[in-house]
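Visitor: Could you take me slowly through one part of this model, the loops and strands towards the end of the chain, and then show me what surrounds it?

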Amino acid sequence: MATPKGKVSKARRNSRRSAHWKLSLPGIGKCPKCGKMKLMHRACKSCGYYDGQQVIKVEEEEK
């Protein structure tokens with residue numbers, strides 16, 4: 001059975017393991033209907049449209 005040639009320091013071990021837990025940014029893009037930023041492949045929270053169809057009924061706030 002293979003054995004390690006020498007001790008691996010804590011810093012080297014931890015730096016090797018750290019690459020597996022990197023967080024990635026979610027896919028964000030502009031809504032084609034209202035132009036606000038939204039998560040890709042999800043309905044827009046501000047207008048309720050997804051793929052050109054209204055899927056969520058959103059009540060507009062009066063200012």
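**The loops and their surroundings**

Guide: Asp51 sits in the loop between β3 and β4 (53-54), where strands are DSSP runs of E with at least two residues, helices are runs of H or I with at least four, and both are numbered from the N terminus. This is a predicted model, in which local features need pLDDT of at least 70 and side-chain atom pairs count only at pLDDT 80 or more, while totals for chains, interfaces and linings use all residues. Residues are numbered from 1 along each chain as its sequence is written, and side-chain values use heavy atoms, leaving out hydrogens and water.

Although Asp51 is not a glycine, its phi is positive, at about 55°. With a relative accessible area of 70%, Asp51 is exposed, a word that here means over 50%, whereas buried means under 20% and partly exposed lies in between (1.4 Å probe, protein chains only). His41, which is not a glycine either, has a positive phi of about 60°. His41 belongs to the loop between β2 and β3 (49-50), and its relative accessibility of 66% makes it exposed.

Leu39 is placed in strand β2, residues 37-39, and is partly exposed, with a relative accessible area of 39%. Together with Ile28 and Met37, Leu39 forms a nonpolar surface patch with about 300 Å² of accessible area. Such a patch joins nonpolar side chains (Val, Leu, Ile, Met, Phe, Trp, Tyr) within 5 Å, while like charges are joined within 9 Å, and its residues have over 30% relative accessible area and no salt bridge, which would be a side-chain nitrogen of Lys or Arg within 4 Å of a carboxyl oxygen of Asp or Glu. The areas come from the Shrake-Rupley method with a 1.4 Å probe, and for residues only the protein chains shown count as cover.

The cysteines deserve a careful look as well, since a search of the whole structure finds zero disulfides, a disulfide being a pair of cysteine sulfur atoms within 2.5 Å. The sulfur of Cys31 has its closest cysteine sulfur in Cys47, 3.7 Å away, and therefore too far for a bond. Cys34 is likewise in no disulfide, with the nearest cysteine sulfur, that of Cys44, at 3.7 Å. Cys31 is buried at 4% relative accessibility, whereas Cys34, at 36%, is partly exposed.
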